[in-house]
Amino acid sequence: MTGKIMLLSLTAGGVGLNLVGANHLMLLDLHWNPQLEAQAQDRVYRVGQKKPVYIWKFMCTDTVEQKIMGLQQKKLDLATQALTGTKHTGSKLTIDDLKSLFGL
(Lines give C-alpha, C1' and ligand atoms only; values in the text may rest on other atoms or scores of the structure.)
Protein backbone atom coordinates (compact mmCIF):
# COMPACT_ATOMS: atom_id res chain seq x y z
CA MET A 1 0.00 0.00 0.00
CA THR A 2 1.42 3.36 -0.98
CA GLY A 3 0.33 6.79 0.07
CA LYS A 4 0.93 10.37 -0.82
CA ILE A 5 2.55 12.92 1.45
CA MET A 6 1.92 16.65 1.43
CA LEU A 7 4.31 18.87 3.38
CA LEU A 8 2.89 22.22 4.43
CA SER A 9 3.76 24.99 6.81
CA LEU A 10 1.05 25.89 9.33
CA THR A 11 0.51 29.19 7.52
CA ALA A 12 0.05 27.62 4.08
CA GLY A 13 -1.98 24.71 5.43
CA GLY A 14 -4.49 26.97 7.13
CA VAL A 15 -5.64 28.77 4.00
CA GLY A 16 -8.60 27.32 2.14
CA LEU A 17 -7.64 23.65 2.01
CA ASN A 18 -10.14 20.85 2.32
CA LEU A 19 -8.19 17.69 3.12
CA VAL A 20 -10.91 15.06 3.48
CA GLY A 21 -8.60 12.63 1.70
CA ALA A 22 -6.01 13.03 4.47
CA ASN A 23 -6.28 11.18 7.74
CA HIS A 24 -2.82 11.60 9.31
CA LEU A 25 -1.55 14.96 10.57
CA MET A 26 1.93 15.34 12.00
CA LEU A 27 2.70 18.69 13.60
CA LEU A 28 6.46 19.11 13.61
CA ASP A 29 6.82 22.77 14.50
CA LEU A 30 4.95 24.55 17.25
CA HIS A 31 3.54 28.01 16.68
CA TRP A 32 3.04 30.52 19.47
CA ASN A 33 -0.58 30.84 18.33
CA PRO A 34 -2.35 27.58 19.22
CA GLN A 35 -5.30 28.45 16.98
CA LEU A 36 -3.15 27.93 13.87
CA GLU A 37 -2.57 24.33 14.96
CA ALA A 38 -6.28 23.90 15.71
CA GLN A 39 -7.10 25.20 12.23
CA ALA A 40 -4.69 22.70 10.67
CA GLN A 41 -6.47 19.93 12.58
CA ASP A 42 -9.86 21.22 11.44
CA ARG A 43 -8.72 20.93 7.82
CA VAL A 44 -8.49 17.15 8.27
CA TYR A 45 -11.71 16.85 10.31
CA ARG A 46 -13.95 18.07 7.48
CA VAL A 47 -17.50 17.23 6.49
CA GLY A 48 -17.16 14.22 4.23
CA GLN A 49 -14.17 12.69 6.05
CA LYS A 50 -14.79 8.95 6.17
CA LYS A 51 -11.49 7.66 7.57
CA PRO A 52 -10.36 7.71 11.20
CA VAL A 53 -8.09 10.72 11.78
CA TYR A 54 -4.75 10.49 13.60
CA ILE A 55 -2.94 13.58 14.85
CA TRP A 56 0.59 13.57 16.27
CA LYS A 57 2.40 16.53 17.78
CA PHE A 58 6.17 16.16 17.99
CA MET A 59 8.22 18.12 20.48
CA CYS A 60 11.87 17.89 21.48
CA THR A 61 12.67 18.07 25.18
CA ASP A 62 14.82 20.81 26.68
CA THR A 63 14.16 23.18 23.76
CA VAL A 64 12.38 26.45 23.13
CA GLU A 65 9.42 24.34 21.94
CA GLN A 66 8.53 23.48 25.53
CA LYS A 67 8.44 27.18 26.35
CA ILE A 68 6.28 27.86 23.31
CA MET A 69 3.92 25.11 24.53
CA GLY A 70 3.65 27.02 27.81
CA LEU A 71 2.81 30.21 25.91
CA GLN A 72 0.18 28.31 23.93
CA GLN A 73 -1.45 27.14 27.14
CA LYS A 74 -1.37 30.69 28.50
CA LYS A 75 -3.11 31.97 25.34
CA LEU A 76 -5.73 29.20 25.47
CA ASP A 77 -6.43 30.02 29.12
CA LEU A 78 -6.76 33.70 28.22
CA ALA A 79 -9.22 32.88 25.42
CA THR A 80 -11.27 30.70 27.78
CA GLN A 81 -11.35 33.48 30.36
CA ALA A 82 -12.42 36.04 27.76
CA LEU A 83 -15.22 33.80 26.44
CA THR A 84 -16.50 32.85 29.87
CA GLY A 85 -15.98 36.29 31.42
CA THR A 86 -14.20 34.78 34.41
CA LYS A 87 -11.06 36.90 34.46
CA HIS A 88 -9.33 39.58 32.41
CA THR A 89 -5.58 39.85 32.02
CA GLY A 90 -3.29 41.42 29.44
CA SER A 91 -3.17 39.63 26.09
CA LYS A 92 0.25 40.70 24.86
CA LEU A 93 3.52 38.88 25.41
CA THR A 94 5.44 40.42 28.26
CA ILE A 95 9.17 41.02 28.45
CA ASP A 96 9.32 38.13 30.94
CA ASP A 97 7.62 35.84 28.38
CA LEU A 98 10.20 36.76 25.75
CA LYS A 99 13.09 36.35 28.20
CA SER A 100 11.86 32.90 29.19
CA LEU A 101 11.76 31.84 25.52
CA PHE A 102 15.42 32.69 25.09
CA GLY A 103 16.58 31.53 28.51
CA LEU A 104 17.49 34.99 29.79
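**Around N23**

Modeller: Let's begin with N23, which, leaving out residues up to four places away in sequence, touches V44, Q49, K51, P52, V53 and Y54. Keep in mind that this is a predicted model.

Biologist: Okay, and where is the place of N23 in the chain?
Modeller: N23 sits in the loop between α1 (10–13) and β1.

Biologist: Is N23 buried or exposed?
Modeller: N23 counts as buried, because its relative accessibility is 15% and the cut-off for buried is under 20%.

Biologist: What does its side chain reach?
Modeller: The N23 side chain reaches the backbone oxygen of P52, at 3.2 Å.

Biologist: Let's zoom out. How many helices and strands does the protein have?
Modeller: There are four helices and two strands. Along the sequence they follow the pattern α-β-α-β-α-α.

Biologist: And how do strands β1 and β2 run, parallel or antiparallel?
Modeller: They run parallel, with four bridges joining β1 (residues 24–27) to β2 (residues 54–57). The chain gets from β1 to β2 through helix α2 (residues 34–44), and this β-α-β crossover is right-handed.

Biologist: Which residue in β2 does M26 stand opposite?
Modeller: M26 stands opposite W56.

Biologist: Now the greasy part. Which residues make up the largest nonpolar core?
Modeller: That core has six residues: L10, L25, L27, A40, V44 and V53. At least two of its residues come from β1, and at least two from α2.

Biologist: Why would nonpolar side chains be buried together?
Modeller: In soluble globular proteins, nonpolar side chains tend to do that.

Biologist: Pick one of them, say L25. What is L25 in contact with?
Modeller: Setting aside neighbours within four places in sequence, L25 contacts A40, Q41, V44, Y54, I55 and W56.

Biologist: Switching topic: where does I68 lie?
Modeller: I68 lies in helix α3 (residues 64–84). I68 is buried, with a relative accessible area of 16%.

Biologist: And which residues does I68 touch?
Modeller: Not counting residues up to four places away in sequence, I68 touches L30, H31, W32 and L101. As for N33, its C-alpha atom is separated from that of I68 by 9.0 Å, though the two residues are 35 apart along the chain.

Biologist: Last one, for the whole protein: what share of the residues is buried?
Modeller: Buried residues make up 22% of the 104. The accessible surface comes to about 8,000 Å², and 61% of that belongs to carbon and sulfur atoms.

How values were computed. Residues are numbered from 1 along each chain as its sequence is written. This is a predicted model: local features need pLDDT of at least 70, side-chain atom pairs count only at pLDDT 80 or more; totals for chains, interfaces and linings use all residues. Side-chain values use heavy atoms; hydrogens and water are left out. Two strands pair if DSSP finds at least two bridges between them. A crossover is right-handed if, with the strands pointing away from the viewer, the path from the first strand over the helix to the second runs clockwise. A nonpolar core is a set of buried Ala, Val, Leu, Ile, Met, Phe, Trp, Tyr and Cys residues joined through side-chain atoms within 4.5 Å. Buried means under 20% relative accessible area, exposed over 50%, partly exposed in between (1.4 Å probe, protein chains only). Contact means heavy atoms within 4.5 Å. A polar contact is a pair of N or O atoms within 3.5 Å; within protein, one must be able to donate a hydrogen and the other to accept it, and residues adjacent in sequence count only if both atoms are side-chain atoms. Accessible areas come from the Shrake-Rupley method with a 1.4 Å probe; for residues, only the protein chains shown count as cover.
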